[in-house]
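Me: Hi, I've got a structure open and I'd like to talk it through. Can you help me read it?

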Amino acid sequence: MTDHLSPGFLTALADGELSADQLALVNEHLAGCPSCTSSALHQSLLKSATAKAGQRYTPPPHLQERLMRLASQTSSQPDASTLRVAHLSPSRPSWRLGWAAAAAMLLVSLSLVLLQRADRRTENASAEQAALVTEVFDQHIATLAASLPPQVLSTDRHTVKPWFQGKIPFSFNLPESLPRDTTLDGANLTYLHSQPVAQLLFSIGRHRVSVFLRQNPGVGTDKPIAEHSGFLVMEFTSGGLEGFLISDVDPARLGELAIAIAQAQSGDQKQSK
Amino acid sequence: MPLLPSLYNVAFWLSRNAADAEDLVQETFLKALRGFAAFEPGSNFKAWIFRILRNTYLTSRAGLAARRTVALEDELWDGNDTGAALHPESAIDRETPEMNLIRLGDRAALQSAMEMLPAPLLEMILLCDVEEMKYREIATVLEIPIGTVMSRIARARAALREALQSTMTPGKEFRV
């Protein structure tokens, strides 16, 4: 190792994340390199100081009390809308059950999970689906937050579709006509669960929509809309593809776009070639 | 709730005010309760709940604003560089911000420097140094590869060094 240690190695050294082989190499280098030894020392000192300085804020007592109330409400009224109303309401002395109630509730929940081991396969599938929805959500939020234009910026489906040739291991169709007030804005190549997917970007009025298309061997059935942090996520499978639509637009209008795209995959509608 | 102090501390650092931090922790708590059945017993509870906190933050007003202002360029820190940037003259610099910090024990200066970091870099410092999470746990929380965790931490520490230098001007005396 003749060059200086990279920032990554110095970072991993300070964090104790080097493998035994890597550590041996690094130690050998440090023995003959005062500069890297100094840098490594600085990294460790900075990490130590940051750990102390970062412990800065402590939760106020009223937050703990509020969380206790919410825990008790959750155990008796698990409806989300009820919880939101309760959050805005003044405190009630009768709900002061203490952390023991919250802990007990968690234990009960844990017990139920253990008892439901027989249904674990189904639950795992649901958890996987939930993770996928979360990933779709994160990708959509990242797209909204980014100020960058789409990788392919075009309202022409004959431009967008060919752009993916050689980039994804499948092909897809775009509907010839879109629902009212809906426009194609462009597309990105992105990844879901480490698989390349096409992210098609639409606008419905002023609402932005992301449509993620990926390979799926399943037979097409429309699935219900899920809500994730105020955004609607709709899933469909059609023509060997699985699609996820996400937006904060009205569900009916999102559904119209989902149907149009799903039909384009199955050939029930005129498509782009 | 053993993790409440940690959650609140990180929430306050990210949201930068008490009211938003409380809302963030409360929303995290509610989501954790609702989704507890999906938690796999035996897996990492801390990483699980911090992931909820982080995703909740990203969808908050403060989180969206933070995303708009920072573009992470992880490819610039792929770990294959030779470290030349840290060693411009292959010399030992004994007046680095960290050494000044340790010598003077100025906790406030470090906290000010941390406040200057953009949220995506600050969260790396918080998870790695303050919460003492392993790279594997951080990768779970942030849903990124471990290699990216390493490069982002390196970048975060470099940014912290720069921020420290800007807060600790030559000749300035700090309270011990």
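Me: Let's start with a pair: which residue in E6(A) stands opposite Val233(A)?
Reply: Val233(A) sits opposite Ile246(A) in E6(A). Strands here are DSSP runs of E of at least two residues, helices are runs of H or I of at least four, and both are numbered from the N terminus. This is a predicted model, where local features need pLDDT of at least 70, side-chain atom pairs count only at pLDDT 80 or more, and totals for chains, interfaces and linings use all residues. Residues are numbered from 1 along each chain as its sequence is written, while chains are lettered from A and ligands numbered from 1 in the order in which they are written.

Me: OK, and how many bridges join E5(A) to E6(A)?
Reply: There are 7 bridges between E5 (residues 231–238) and E6 of chain A, and the two run antiparallel. Strands count as paired if DSSP finds at least two bridges between them. Another bridge pair there is Glu235(A) with Phe244(A) of E6(A).

Me: What's in the turn?
Reply: E5(A) and E6(A) make a hairpin with 2 residues between them, and Gly239(A) in the turn has a positive phi of about 60°.

Me: Is E6(A) mostly covered or open?
Reply: Mostly covered: 7 of the 7 residues in E6(A), residues 241–247, are buried. Buried means 20 or more other C-beta atoms within 10 Å of the residue's own, exposed means 12 or fewer, and partly exposed is in between, with C-beta atoms placed from the backbone. Leu241(A), Gly243(A), Leu245(A) and Ser247(A) point one way from E6(A), while Glu242(A), Phe244(A) and Ile246(A) point the other way.

Me: And why is E5(A) called largely enclosed?
Reply: Because 6 of the 8 residues of E5(A) are buried.

Me: What's on the E3 side?
Reply: E3 (residues 207–215) of chain A pairs with E6(A) in the antiparallel sense over 7 bridges.

Me: How about E4(A)?
Reply: E4 (residues 226–228) of chain A pairs antiparallel with E5(A) over 3 bridges. Ala226(A) has Val233(A) in E5(A) as its bridge partner. E4(A) and E5(A) also form a hairpin with 2 residues between them, and Ser229(A) in the turn has a positive phi of about 50°.

Me: So what's the strand order of the whole sheet?
Reply: The order is E1-E2-E3-E6-E5-E4 in chain A, an open sheet of 6 strands with antiparallel pairing. E1 (182–192) and E4 of chain A are at the edges with a single partner strand each, so one side of each has no neighbour in the sheet.

Me: Which helix packs on that sheet?
Reply: H9 (residues 251–266) of chain A, which touches E1, E2 (195–204), E3, E5 and E6 of chain A. Touching means contact, with C-beta atoms, placed from the backbone, within 7 Å.

Me: Switching to chain B: at what angle do H8(B) and H9(B) cross?
Reply: Roughly 100°, with the axes of H8 (residues 135–142) and H9 (residues 146–167) of chain B coming within 9 Å. Axes are lines fitted to C-alpha atoms, for helices over the stretch in contact, and angles run from 0 to 180 degrees between N-to-C directions.

Me: Who meets whom there?
Reply: Tyr135(B), Arg136(B), Ile138(B) and Ala139(B) in H8(B) meet Ile146(B), Val149(B) and Met150(B) in H9(B).

Notes:
Two residues are in contact if their C-beta atoms, placed from the backbone, lie within 7 Å.
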